[in-house]
Amino acid sequence: VIPGVYEPVMQLACLDASLAIKPVFERFSSVIITSGTLSPLDLYPKLLGFHPVVRIALDMSTFRECICPIVVTRGNDQVGLSTRYEVRDDPAVMKDYGELLIDLSGSVPDGIVCFFT
């Protein structure tokens, strides 16, 4: 350790996912598990302690870029866009979010998924 020198620390933890999914399997008779990274498929039923009824692997299409995250801070009328609690009911903010989604949907060919945080 050298005084005054920042030394980052990487901490690794091996967590047992079967402990987290066990209450889900106990509560529900049908569970759908999806992921883009659950590979190899035979490994996860063994690790998580379940017997799949249906299991399918679908090819992923990567012939074009599909995700384009954007950050927008102002609407068309230059009103600041925010999801802060204090401005959630502001009609100008709601209008600008609506117009933004309408404008984007006119140029995005396959649809939009929008998350507000």
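Let's start with contacts, meaning heavy atoms within 4.5 Å: among those in the protein chain between residues at least 6 apart in sequence, 19% join residues at least 24 apart. Keep in mind that this is a predicted model, where local features need pLDDT of at least 70, side-chain atom pairs count only at pLDDT 80 or more, and totals for chains, interfaces and linings use all residues. Residues are numbered from 1 along each chain as its sequence is written, and side-chain values use heavy atoms, with hydrogens and water left out.

On to secondary structure, taken from DSSP runs numbered from the N terminus (helices are H or I, at least four residues; strands are E, at least two). The protein chain has three helices and zero strands, in the order α-α-α.

How much of the protein chain is buried? Of its 117 residues, 10% count as buried, which is under 20% relative accessible area, with exposed over 50% and partly exposed in between (1.4 Å probe, protein chains only).

Now, friends, the rings. There is one aromatic pair, phenylalanine 25 with phenylalanine 50, at 5.2 Å centre to centre and 50° between the planes. That pair is tilted, because ring centres of Phe, Tyr and Trp (its six-membered ring) must lie within 6.5 Å, and planes under 30 degrees apart count as stacked, over 60 as edge-to-face and the rest as tilted. The pair links distant parts of the chain, 25 residues apart: phenylalanine 25 sits in helix α1, and phenylalanine 50 in the loop between α2 (43-48) and α3 (91-105). Phenylalanine 25 counts as partly exposed because its relative accessibility is 24%.

Also in helix α1 (residues 17-27) is valine 24, partly exposed at 32% relative accessibility.
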